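Here are my notes on this model, as numbered points. Please read them with the structure open.

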Amino acid sequence: MITVQKIVAACVFTAATITAPMAMAHAKLTASNPAPGAVLEAAPTEIALTFNEKVEQAFSTVTLIYTDGKVVATDKAKVDVANPAIVRVRTKGLSAGTYTVKWAVAGHDGHRRTGTFSFSVK
């Protein structure tokens, strides 16, 4: 005869096994151009962020911040149609200095992820 404790234990184990992959399904930045910490000879005309999964356009933003803390005007961030795991933002006329890229995206699971990294232009 199966005891209530064995049934509860089986249910807990099953729930943990099923939900564990879902917890790991958040969008994660895997690459960027320019790379974090890069020192560039010429200013980039685009920033491209690559994630480990497709991201949603409606929840994807990229903000570029100059050394002095002011937000740099850029085009709106766009998810790449050919590869929805890439978010691109066009830049114009960046001067020498250090820039911080602040990004926020949501993957197919709907969980919003954020991050930052910096690069410099000589």
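1. **A strand pairing.** This is a predicted model. Val79 has Val87 as its bridge partner, and Val87 sits in strand 7. Strand 7 covers residues 86-90 and pairs with strand 6 in the antiparallel sense. The pairing runs over 2 bridges.

2. As background, strands of a sheet pair through backbone hydrogen bonds, either parallel or antiparallel.

3. **The chain overall.** The protein chain has 1 helix and 9 strands. Along the sequence the pattern is α-β-β-β-β-β-β-β-β-β. The chain has 122 residues, and 32% of them count as buried. Take the contacts between residues at least 6 apart in sequence: 59% of these join residues at least 24 apart.

4. **The largest nonpolar core.** This core holds 22 residues. Which of them touch the most other members? They are Phe51, Val62, Leu64, Val87 and Phe119. Val87 is also the bridge partner of Val79 from point 1. Strand 3, strand 4 (61-66), strand 7, strand 8 and strand 9 each give two or more residues to the core. Strand 8 gives the largest share, 4 residues.

5. **Phe119.** Leu64 is another of the core residues named in point 4. Phe119 is also part of an aromatic cluster, in which ring pairs link it with Tyr66 and Tyr99.

6. **Phe51 and Trp103.** The model has 3 aromatic pairs. In one of them, the ring centres of Phe51 and Trp103 are 5.1 Å apart. Why is this pair called edge-to-face? The planes stand at 70 degrees, and an angle over 60 counts as edge-to-face. Phe51 lies in strand 3 (residues 46-51), and Trp103 lies in strand 8 (residues 97-106). The pair therefore ties together parts that are 52 residues apart in sequence. Both residues are buried.

7. **Ser120.** Ser120 lies in strand 9, residues 112-121. Is Ser120 buried or exposed? Its relative accessibility is 19%, so Ser120 counts as buried, the cut-off being under 20%. Its side chain makes a polar contact of 3.0 Å with the side chain of Thr98. Leaving out residues up to four places away in sequence, Ser120 touches Ala38, Val39, Leu40, Gly97 and Thr98.

8. **Lys122 and Glu41.** The count of salt bridges is 5. One of them joins Lys122 to Glu41, with the closest N and O atoms 3.0 Å apart. Lys122 is in the segment after strand 9. Glu41 is in the loop between strand 2 (39-40) and strand 3. The two residues are 81 residues apart, so the pair links distant parts of the chain. Both ends are exposed: Lys122 has 59% relative accessibility, and Glu41 has a relative accessible area of 62%.

9. **Asp75 and Lys92.** These two form a salt bridge with closest N and O atoms 3.4 Å apart. Asp75 lies in the loop between strand 5 (71-72) and strand 6, and Lys92 in the loop between strand 7 and strand 8. The pair thus ties together parts that are 17 residues apart in sequence. Asp75 is partly exposed, at 30%, whereas Lys92 is exposed, at 61%.

10. **Arg88 and Asp80.** In this salt bridge the closest N and O atoms are 2.8 Å apart. Arg88 counts as partly exposed, at 28% relative accessibility. Asp80 counts as buried, at 17%. Arg88 and Asp80 also belong to a network of salt bridges that includes Glu46 and Arg90.

Terms used: Residues numbered from 1 in each chain as written. Predicted model: local features only at pLDDT ≥ 70, side-chain atom pairs only at ≥ 80, totals over all residues. Heavy atoms only, no water. Pairing = 2+ DSSP bridges. Buried < 20%, exposed > 50% of the residue type's maximum accessible area, 1.4 Å probe, protein only. Polar contact = N/O pair within 3.5 Å; in protein donor to acceptor, adjacent residues only side chain to side chain. Contact = heavy atoms within 4.5 Å. Phe/Tyr/Trp six-rings, centres within 6.5 Å; stacked < 30°, edge-to-face > 60°. Salt bridge = Lys/Arg side-chain N within 4 Å of Asp/Glu carboxyl O. Core = buried A, V, L, I, M, F, W, Y, C linked by side-chain atoms within 4.5 Å.
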